Amino acid sequence: MNDHLLSIIVGAPFLAGVLLLLVDDKSRLLVRLLSLTGGLVPLLGAIEVARTWDMAKGGLQRPEKYPLVPSLGIELSFAVDGWSVSLLLLTGIIISTGVMASWTLKERSKEFFILLLVLVSGVFGVFVSQDLFVFFLFYEIAVLPMYLLIGIWGSRGKVPARGPFAFVWKRFDIGGREYAAMKLTLMLLVGSAAILIVIFAMYFEAGGKTFDLGVLGHAHYPRAMQLWAFPLLWLGFGSLAGVFPFHTWSPDGHAAAPTAVSMLHAGVLMKLGAFGVIRIGMLMLPEGAGYWAPYVGGVAVVNVLYGALSAMNQKDLKYVIAYSSVSHMGVVMLGAATMTVDGWNGAIYQMFAHGMMTGLFFALVGLVYERAHSRQIPTMGGFAKPMPGVAAFFVLAGLSSLGLPGLAGFVAEFLVFVGAWQSQHWWWALPGILGAWVTAVYVLRAAKNIFFGEGPPAQYHDLHDARRTEWAALWVLGACLIVFGSYPKLILDFIHVATNQYLPRIAEAASQLALKQ
Amino acid sequence: MPTAFDIAPLMVDLNLLGVALLVLVLDLGMPHGRKRMLGLTTSILLFALFIGTFWMDASGSAFSGAYVGSAWTLMLKRITLIAGALASLGAIDHVDRHFPHRQGEFYLLLLFTMLGMTILPGARDLILFVVCFELMGIPLSIMASYAKADDRVGVHKHAAEAGLKLYLVSAASTAITLFGLSLVYGLTGSTKLAVIANAHLSPLLGMGMLVTLAGLAFKVGVVPFHMWIPDTYQGAPTPFVAFLSVAPKATGFAALAAVVLVAFRNDAAQLGPVLVLLIVASVVIGSVMALPQKDVKRLLGYSGIAQVGYMMMGLAAGGEYGTSMLLFYVAGYVVTNMGAFFVLEAVAPNRTGIVISDLNGLSKRSPWLALALLMFLLSLAGIPFVVGFWAKLYVFMAVYQAHQAWLVFFGALMAMVSLWYYLQVARAAYMVEPSPEQAGVKPKVAWTLQTAIALCLLAVVGMGAYPRPFLDGATAAARAFMLTK
């Protein structure tokens, strides 16, 4: 059975982007409908993949292979495991809702949607690639359009220049969109440089014949190489996942980015980083992972707490959400570092849940900003009266974010904390839970300051609720949070099958490491 | 059995000479108003010759082994031919507008410098080597100062500086190379590379080797022999700079390969550290000096110095693998860099100096030019799915295999630095609002220049999307090079 469904999923957004090049800039509706098609086709494809995925068989399904550079053993090789299924669904949902949420974009909308669709093609490509090199290629495609997306369509945050280095802030226009775009691009590409070395190392250590993940995964890399290679991957992919202290691009970037881009970037792209650490780092280099896991976990704990505390101190609404992403990605990395079934299930599930939640958050923040033309929380208040729908969904996303049982965020965090408790470092669970508590503080406080109380102040006279396609985006994401929160089995089954298949080998390698020590 | 009179391996070069003579005759007979046709004729004939090379077998040796043709030399001839064809195509409008009475000479000089370039890769004798170098170098200096007598192009002294610097450096580098070669000849008693290769390495021969290398490094513009590049680029006519920035580099690397991998192949251990030093210096100085540049042509000049460093990586890695990656890099660089200069010519056709702010708001004034420029810049920076990415990747793989993993990291890191200044140019085109004077001005681009840009864009994207045939070609060429050394 081979219907090229995965190629369609990866190719459809790209194709839609190419078609958009030919469409006239002025036919706004056609541009949007085409972009939406480019998002919906992969979503439907992902649902079909999930529906036909053989749970009993597990493993990699729907393989597709096309030679790309045979002399070096590079081939376009696609297949899905249980993890990929859930992440494909997530990406499909986020891009579809992202297009709907940016329906009213005015400036140069055609180019915007083209870049957005190209980026999403890259994301889909990373999740289904079974060839290390192609994986890296798609990873780069997903990262690079961001420069233009933020640089052209981004907005400015208020970052006051102060202190002895104020002149530096002014010189580089810190807080500006071009600064954010450049910072993000350069930081992520330095990460890519580190990844590239490890890719070469794996390729040549495994014989220099193929980049196939299956073959590379079963090669026996010398311990010394694994020990230096894993931290490079951790740094490389981790910089995209917002690992402390390489997270600093994330608040600036997310705050400056336009709505759909923040949704995609925080919702899906940061997951690429975490996915890379687990899929490439931990699965390919198990001994290195075993050695470095305590450090990964330790840093992840810092991420959770530092992100949450930083979010608590922000006045700019987008920075709050951006720092909360840093905190929640810490939970993903913490789950990965536990090297337990529950921890890994939780990590992947957190990617899924946090994607939905942060997507919803950024969509809402975009709506508020578009109407209020300000993101300064202290100046707001009483927004719930003119925009009750936005307020309701904000609270819903907030509750999921702080881990209220019944919503998707809870399932993920619970699993991660259980995993942490079972691991060799049980105490990791404590700061994790503390982070969840801090989250409750800043999310509820933000909701209170913006939407409730007296108001709205006089300068906000243009407020109104969501409209047409914006409603669709909010309802879809909100419904997902509730459905996957109250019935996690829908996604968790896929994840569990894959985890069960990968983990024993990794755990064995890690325990052998413990014996040697 | 090679004889002195077997000239079949030089078929391509003889055809090129034929084209040059034809242009010379046509120039004499053509009335003044129609000289524009000369450029078109040159370009079409060069394209035809380029296509014709795919049916030519130019392997074998000529002139008693002084010249050895193979798939390697054929590939380099193709690179030169395509660069020449694109350069003449892109230059037609510029030359017609600015030097209407000196059109014939322009194309003639171009064809003669190309003749030197096509023969040089096959030269296996020091004398032929030097002759080719001179044939290639002297016309270039003349063309560099072409803008000197033109009233509209602006700064005369820059044009004079462009030509003079190139000439002096070229002459000095030839003198240095000759000095080195005379040492080598004196110690080995032969001008044949194959004989030199087997000579015992003495301190004096080592010095001859180093001096020769320095002379060649001048030609490709490796640090510390790079000073002429930015000034010459700034002052010379832009379409010519497009040619100057790529074709001599391709040939220069063929010469370097011949010297490093053939004549001194047994002394790789001694030569390796020198090459690494040149690489690091070129990449660092090229990248760092490009950062503050405001003039785009100077910026591309410095970036070219860094690019040469990356090409040297392929040379330093050596062997069939390294050589093929070097060749692929050069081929990709030719179309990319030429395309970038052509876009500059399209945006500011009446000037030799172009500052970054001239590009402001280009994406609104001319979306396709802006897109083309973006693609060329991304390719120079080594971003996936344009040819520059594969080029960088392949040289990195080659150096990794040559057990220089740290060079990979260094190279990738410096590529990030280069991305910063390439994006400064892209930023002007995409993110900066045009000034009121600029806003209404849509660049008017002649169809010939448009075609040249389109061809470059097609090559950059095409080689990026499907590098396989080009890589296979480069590998075959490198294998031939290794066999015929």
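Predicted model: local features only at pLDDT ≥ 70, side-chain atom pairs only at ≥ 80, totals over all residues.
Two residues are in contact here if their C-beta atoms, placed from the backbone, lie within 7 Å. Residues are numbered from 1 along each chain as its sequence is written, and chains are lettered from A and ligands numbered from 1 in the order in which they are written.

**More on A:Met282**

- You'll find A:Met282 in helix α12 (residues 259-284) of chain A; helices (H or I, at least four residues) and strands (E, at least two) are DSSP runs, numbered from the N terminus.
- A:Met282 counts as buried because it has 28 C-beta neighbours inside 10 Å. The cut-offs go like this: buried means 20 or more other C-beta atoms within 10 Å of the residue's own, exposed means 12 or fewer, and partly exposed is in between, with C-beta atoms placed from the backbone.
- A:Met282 and A:Pro63 sit 219 residues apart in sequence and 22 Å apart in space, C-alpha to C-alpha.

**Where chains A and B meet**

- On this interface, 20 residues of chain A are in contact with 24 residues of chain B.
- Three elements of chain A give two or more residues to the side that touches chain B: α5 (132-143), α6 (145-153) and α8 (177-205).
- The largest share of that side, 10 residues, comes from α8(A).
- By class, the side of chain A that touches chain B has 16 nonpolar, 2 polar and 2 charged residues. Here Ala, Val, Leu, Ile, Met, Phe, Trp, Tyr, Cys and Pro count as nonpolar, Asp, Glu, Lys and Arg as charged, and the others, Gly among them, as polar.

**Helices in chain B**

- Helix α2 (residues 36-52) of chain B has 17 residues and reaches 25 Å from its first C-alpha to its last, close to the 24 Å expected at 1.5 Å a residue (the expected span is 1.5 Å times one less than the number of residues).
- The buried residues of α2(B) are B:Leu38, B:Gly39, B:Thr42, B:Ser43, B:Leu45, B:Leu46, B:Leu49 and B:Phe50.
- Looking down the axis of α2(B), these buried residues fall within an arc of 165°, so they line one face of the helix; the arc is that of the directions from the helix axis to the C-beta atoms.
- Those buried residues pack against α1 (11-29), α3 and α4 (103-119) of chain B.
- Helix α3 (residues 71-98) of chain B also packs with helix α20 (residues 447-465) of chain B, at an angle of about 150° and with axes 7 Å apart. Axes are lines fitted to C-alpha atoms, for helices over the stretch in contact, and angles run from 0 to 180 degrees between N-to-C directions.
- The residues of the contact between α3(B) and α20(B) divide into 7 nonpolar, 3 polar and 1 charged.

- Most residues other than glycine have a negative phi, and most peptide bonds are trans.
- A:Arg62, in strand β1 (residues 61-69) of chain A, has a positive phi of about 55° although it is not a glycine.
- A:His373 has a positive phi too, near 55°, and lies in the loop between α15 (341-372) and α16 (388-401) of chain A.
- With 20 C-beta neighbours inside 10 Å, A:Arg62 counts as buried, whereas A:His373, with 11, counts as exposed.
- The peptide bond from A:Phe244 to A:Pro245 is cis, with omega near 0°.
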